[in-house]
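Subject: Structure handover

Hi,

Here is the structure we talked about. Please have a look, then read the notes below.

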Amino acid sequence: MKLKKQVTVCGGAIFCVAVFSLYLMLDRSFLASPVTFIHFFPWGPFPPNRIEQLEQLLEENHQIISHIKDSVLELTDTGAVSPSGQLPFRSANGSWVLPFDGRPTFLSVKPQDCQFAQGHRGQTDLQMLDIYSLLKFDNVDGGVWKQGFEITYEPGEWDSEPLQVFVVPHSHNDPGWVKTFDKYYTDQTQHILNNMLVKLTEDPRRKFIWSEISYFAKWWESSDTHKQEAMRKLILGGQLEMVTGGWVMTDEANSHYFAMIDQLIEGHQWLEKNLGVTPRSGWAVDPFGHSATMPYLLKRANLTSMLIQRVHYSIKKHFSSSRSLEFMWRQAWDTSSNTDIFCHMMPFYSYDVPHTCGPDPKICCQFDFKRLPGGRVNCPWKVPPRAIVDANVAERAHLLLDQYRKKSKLFRSKVVLVPLGDDFRYDKALEWDQQFLNYQKLFDYMNSHPEMHVQAQFGTLTDYFSAVYKASGVPQGFRPPGYPVLSGDFFAYADREDHYWSGYYTSRPFYKTLDRVLESHLRGAEILFSLAVAHARHAGMEGRYPTSDYTLLTDARRTVALFQHHDAIAGTAKENVVIDYGNRLLHSLQGLKRVIINAAHFLVMKNKDVYRFYQTEPFLETVRNQTEIWMGFGLILPRSLLVRYLVLFNPVEQDRLCVVTVLVNSARVRLLTEDGQTLPVQLSAQWSTATQMSAEASFMVRLPALGLAVFHLYDSADSPMTLRSDTLLRLSDRGLTVHNVEPLPLRSQAADPLPFYVSTQSLTLGFSGTTGLLESIRRKDSPQEVKVQMQFVTYGTRSSKDKSGAYLFLPDGKAKPYSQKGPPVVRVVEGPLFSEVVAFYQHFQQTVRIHNVPGADGLSLDVTIMVDIREQSNKELAMRLVTDIQSDDTFYTDLNGFQMQPRRHFLKLPLQANFYPMPSQAYIQDSQYRLTLHSAQALGVTSLESGQLEVILDRRLMQDDNRGLGQGLKDNKKTANRFRFLLERRSIGNKDTNSPSSYTALILHRKALDCGLETINPGFNCTTTEGQLTVSSLFRNLDLQLLQPVSLSLMYSSPPLGNDSSVSLEPMEISAFRLRLR
């Protein structure tokens, strides 16, 4: 039997990685510490057609399947049945009942762990959701500062305390955008760094900052020791500062916080190893909006200050008017000040020179000396810069000082920051001379005239922050007196008018998905590698295990890190650059295959003394047949062997129950556990088209935490444990023919408009008979059927000059219902392990699957939307969920998979302003229910009406949106967008309703007895117990599920007691308890 591919279905962010290998249950005591540092591993080029390979791979599966050679493991069929000793059977209502293995899943949560979520959020001076409610977003013309207001000052304001000016030269180097990473380095970046080495050395007063360690590391590794030592001297001498120190300047909307941390670690570890420096200040001038996760990560990395730039212009104006552009950024869940980090928000339109010296870009542009007449760049305001000479230095200095003073009026200190740079600046030696020589003349003049009350100099970012702290009299990183505290984030970003940068939340979803695939594989490979190295050390075989595989891990980490760049995962680079990113991702995936192959080979060997590593002929072989490759690893056995050993790896720290599916070429399948017991298998059709199929086998497995479990899969005569799913095709076209695989049962019928249902032990789903799309969800523990209606809609773009593009979402109005000429083909599959409904449309294929397993996996819907809009023009496809949940105008989205952020739909804002990034989940809720949409990839999300969630699935746009890219989005791929829908009943924090609570209040009173009186017959039996009472004994034929002491008015709770506990009351004591009875 030939195994082709496998998919593991697990909930949330948990996944299962499968390999064919030797038998071993990993001992949890041998966990290794992370291995550190390895040399950079260069990759070779891949042809663009490999991206088409990726397209095919991602359409299939994300896990690992492998075969091993028959001499490795000897398992025999004992003839045993499943651990429960029972077969799956159908209940009276027609749903499958699957006997379980006797080890139920459970969730034990201490009440103290719930107090955090139930508690109040921390109080701050500035809460971004409140600020959004306050602002008018009216975009009034502010004069020379178009998006602001007129700034005035009194000439004597700096007489007692001179103005301190720090001009900070910088060059923003995108690791890929309109050129590839390597092309940028060759054409510009290497020259910037080479010139830096020469020009900073010429004058110790010159300063510079650098951010992107990916470029700096490439330069360092190609430089000789003399250059390295000269550069190290500049850094240690304070002339060159490494700001943030990440591998890239990460995107903050789409990136997962695992990857954000990885790229920060990769950069910081490189700096520590090669330079011995630790970054102190964060610099983020180009991410398209700012997440509250980033300040937390920087704070935890021991940075003390940070700077941001791309914030909505109305927010900048509001903060400028209240002098709140510098603040302590606090996490919304922090009730103290432990997460505070000092943040500087740049006030003007851009980080280029015309928008950094002060409010008037026409004047500031005159001090960008690269634009001197005769150069290739000029000033759009038609007033060019003038070289500084003795004849004009006074006039020029006073003109520039006026801008510095006006800018300083927006801040609370008399210290002003003036960035001096732009994208890929200082790549020519001439510009270094133009900027540094002319500015030094201006500084010398200002500093030599005390009546100007200014001290101007070149500085680094930390030089500026240090001066602010010193002027305020506080240590580094502490809150200056009177400075506000802010919580929240800065999405969605708009740079002008109604141009909201909410399109890039979805742009190029194929690569957003590929990013998560690589991240998950990297995590699995790192765990297996660490375990293998630890076991090798334990066995005294460290020298025999291929620790050189760490080079491949480093390569993959740096690829993931590079792709977090704000023009990479954002989907806003040119097509050839995107191909380059894709080739790097594919290369790293292939390297991770090798790491996992080698680690699995070593870990599963019982006798490690016989282990041998062969570089050219690995013990396990990757599948070379294109039809057998999928997004993971395939390892093959000799074709003559029918037996296969399937080993599943669980890379998370909890035991996990999963449904595993493998594609087989036989309908006769039997599956054994490692001890020879037979497991139930659901045999189903695997569909190549809407009406053509082959076979696949599914089974439920329990995987140990951070461990491997082995299974024996082979071709066998029919077994009572192999059950065939029932497939029904609902066809509207009687001319369609169905090609099935015997003996899989297949029926077809004419479609009708009546709704139909599929069920498991936990859920019943209702579907439209007309569309085949989801209509309702009913949980087993609730009699109420909840409306959860799935719709598909499309957006066009404006007919005016400004149109949607890679960055911007500028729709032509409200979404229109998706329509196609004919009705869809709908496939309904029902079986003991899973049931699913698949609807085939022209531009997408919707699959809704439910699993008949305990726990969250059995309560959630596994939804896959395969999208292909390559023949569309200026269309964006969205999935909309319409429910009867009374969510009003509030919904919740995650920030980087790290925390949840409340959102509101504001009618005063345009439609596109109400979309937010959804890196991993979003939800709506009311007092009864919460509906959560878990996403396997980053996409844009909104809630435009009460009870709705809407996700943009893909965008195909034929034009540029005038933000520098110069291209539309026309390189769409067929992309699988994967989700989990989870409908939960809310039990705490409910609003008042007329329905009874699920809890019961029990009030006990121990009366005091006077035993000095004659006892008469009371007419009932009574025995005293010295105040002891077992509460569960009060309720016959009921289960006591909660026994929690509470205050008399039920407002304050204590930790719950054991359900069989006895309570003790003193005489005359009254006590109250919260009970849950079933």
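Two strands count as paired if DSSP finds at least two bridges between them. Helices (H or I, at least four residues) and strands (E, at least two) are DSSP runs, numbered from the N terminus.

This is a predicted model: local features need pLDDT of at least 70, side-chain atom pairs count only at pLDDT 80 or more, and totals for chains, interfaces and linings use all residues. Residues are numbered from 1 along each chain as its sequence is written, and side-chain values use heavy atoms, with hydrogens and water left out.

Overall: the protein has 51 strands and 17 helices.

Strand 6 runs parallel to strand 16 (residues 485–487), joined by two bridges. Leucine 126 has leucine 486 as its bridge partner there.

Now strand 38 (residues 875–883). Eight of its nine residues are buried. Strand 32 (residues 786–795) runs antiparallel to strand 38, with eight bridges. Glutamine 789 stands opposite valine 882 of strand 38. Strand 45 (residues 948–956) is also antiparallel to strand 38, again through eight bridges. Lysine 875 has its bridge partner, arginine 956, in strand 45.

Best regards

How values were computed:
Buried < 20%, exposed > 50% of the residue type's maximum accessible area, 1.4 Å probe, protein only.
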